[in-house]
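I record here, entry by entry, what I looked up in the structure shown below.

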Amino acid sequence: MLLTYHRLGGLGIALWAITIGVCLFLLVPIIFIAALSFGSSRWLAFPPPAWTLRWYQELAADPRWLEAALTSAKVGLLSAALAVLLGLMASFALVRGRFRGRNFLKALFLTPMVLPVIVFAVAIYALFLRVGLNGTLVGFVLAHTVLAFPFAVIPIVNSLEGFDKSIEDAAVLCGASPLQAKLKITLPAIRIGLFSAAVFAFLISWDEVVVAIFMASPDLQTLPVRIWGALRQDLTPVIAAASTILVAFTLLVMAAVALLRRRISR
Amino acid sequence: MTPAFLSIRSLRQTYGSVVAVDDVSLEIPEGEFLTFLGPSGSGKSTTLYALAGFNEPTSGDILLRGGSILATPSHKRNIGMVFQRYTLFPHLNVRENVGFPLRVRGRPEREVARRVDTMLALVRLDGYGDRMPGHLSGGQQQRVALARALAYDPPVLLMDEPLSALDKKLREEIQIEIRRIHRETGVTILYVTHDQEEALRLSDRIAVFNRGRIEQVGSGRDLYHNPATRFVASFIGDSNFLDAAEVRAEGGRGRVVFPDGTTVADLPVHRSTEGDGTLPAAQVMVRPQSLRLAGAGEGLPVRVLDVTFLGDTSTVQFRTAWGQEIWMRAGADDIAALSPDVTCDVSWNPAESHLFL
């Protein structure tokens, strides 16, 4: 017998309650931190005794926060670009290639997703110590590219698998060189996948903190590292303001993606 | 020997120990519509792909106007192709799709626009230029693909089962279009299909493929009336095969004794060693519409298994005395007296049947 919703009776109500509970569990901390960032209490009292924009003013007045945000954006964009480029080449190999060890390679490419981040962070820190890349932009970008790579590979592989190779063959017979056919036909045809890959890769870097702490130096800090650092010094509502901006920006990117995807797929 | 317009010479394609194409040779005059007909895995598509340059033959050669094309990469062969699957570029509209091969060749925009108009008129899709591929029916997509493949005036057009994804009615409609376009453009077409009716409808000549080899090349009539092998006889048109118990073949004619003792003489012989002697594996092929009811003792005695009324014609299933099943196609009136378990005799004009040794 199939479980249909209207036959569940009391159980149906329980399922509703669980759903609402899960949604609250996901949303409440975010709403809570946003509310605190506008509250007047220096000690993060809740509910706030009064509302103020003071913490945002303090945030704007401190150039280190803006610098951190810029660093975050720079590292995120570079990592995303690199991850998409490498992910694209890897995807062609995984989808079109017929070689031994293809499945092994596929699994290997996804390990940064499942490997404990702290293990990776320590390992890459030790490696970069030898080659002098710790605390540099290059080191930061390389480390984040590794983390972002699987998130770029997955959507690109999916869209490439959904793309009929015959279409590329047709372009070649039409007179396009194999490279031209890929650039003019295949890439535009899988652009939704490429776009998703870029956004995922950027967001992975944008809110990554563990590896970032190892890569950072006093002069080179991303926003999450700066928040972490400030949190250890003192618990000020400025951190809540910075966190709210971080979340707001992420939501903005997600919304932009949803809109663009709808336009592209039309 | 002067090479034909297009010449395939001893083409062979192996994948490991699998022989996909085995010593295929064909001479194709300019402007011919030649169909590769055969079951799946018979090597017909592999041969076509070798022409397109998608696989490199193990040995053999392909010559166009006397020069080998094997060293030329696909995109420089200037060959047109329509694929089995829909291959329009999804992000380009109809005009951009048809214009793509011209733009890749760096032709001026005015010429591209003019040529695209001509091609869309040729496939009767004027007015569809701004549509995206996703908004076209399957038949329209294949017609755009045809226009795109012909836009750059290729010397040879390859078609790999282009209609197999369409339903029967639409398929017949586009077959007529393809015939017309072939007439109007005079392009040499190599067409792959596993559908004998489609092959008969479209082609000047048909090459019947089986297990990587060509069994016979000829017009549809040739293949139907004079099949060179059992395979061609069974693949083109309907057929009955009767085992022969004893055979004597002399001078291209054969005399057969069936297991029940019935004797038939004057059968055309195929693949005969032209010698004498008894060949036990021999079979006689008779088309269902060649069979007639005969008077008692004047033909092959059979028992009726089933009679099926099909409107214009009817079919009757028989079993011979030694247990082989054959069927006959006949007009409804001819068989009014037949019903299951009735015994009767059937005969045929020996010249319309074939003895395969």
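This is a predicted model: local features need pLDDT of at least 70, side-chain atom pairs count only at pLDDT 80 or more; totals for chains, interfaces and linings use all residues.

Entry 1, domains. I looked up the contact between the two domains of chain A and found that 5 residues of domain 1 touch 7 residues of domain 2; residues are in contact if their C-beta atoms, placed from the backbone, lie within 7 Å. Domain 1 of chain A covers 5–37 and domain 2 covers 55–265, with bounds from an automatic or database domain assignment. The centres of the two domains of chain A, taken over C-alpha atoms, are 31 Å apart.

Residues are numbered from 1 along each chain as its sequence is written, while chains are lettered from A and ligands numbered from 1 in the order in which they are written.

I count 12 helices and 0 strands in chain A; helices (H or I, at least four residues) and strands (E, at least two) are DSSP runs, numbered from the N terminus. The C-alpha atoms of chain A fill a box of roughly 70 × 65 × 35 Å along the principal axes.

I examined helix α3 (residues 63–96) and helix α6 (residues 137–161) of chain A, whose axes come within 5 Å and cross at roughly 45°. Axes are lines fitted to C-alpha atoms, for helices over the stretch in contact, and angles run from 0 to 180 degrees between N-to-C directions. α3(A) and α6(A) are therefore oblique to each other; angles under 35 degrees count as roughly parallel, over 145 as roughly antiparallel, 65 to 115 as roughly perpendicular and the rest as oblique. The crossing of α3(A) and α6(A) is right-handed, and their contact comprises 21 nonpolar, 5 polar and 2 charged residues. A crossing is right-handed if the near helix is turned clockwise from the far one by less than a right angle, and left-handed if anticlockwise.

I then took α6(A) with helix α9 (residues 191–206) of chain A and found an angle of about 160° and axes 8 Å apart. α6(A) and α9(A) are therefore roughly antiparallel, and their crossing is right-handed. Among the contact residues are Phe151(A) of α6(A) and Phe200(A) of α9(A). The contact of α6(A) with α9(A) has 13 nonpolar, 6 polar and no charged residues.

I find 16 residues of chain A in contact with 18 residues of chain B. α7 (165–173) and α8 (178–189) of chain A each supply at least two residues to the chain A side, and α7(A) gives the largest share, 7 residues. The side of chain A that touches chain B holds 10 nonpolar, 4 polar and 2 charged residues.

I looked up strand β20 (residues 343–347) of chain B, which runs antiparallel to strand β16 (residues 292–294) of chain B and is joined to it by 3 bridges; strands pair if DSSP finds at least two bridges between them. Ala294(B) stands opposite Asp345(B) in β20(B). Strand β17 (residues 300–310) of chain B also pairs with β20(B) in the antiparallel sense, over 4 bridges, and Val302(B) has Cys344(B) of β20(B) as its bridge partner.

Conventions. Ala, Val, Leu, Ile, Met, Phe, Trp, Tyr, Cys and Pro count as nonpolar, Asp, Glu, Lys and Arg as charged, and the others, Gly among them, as polar.
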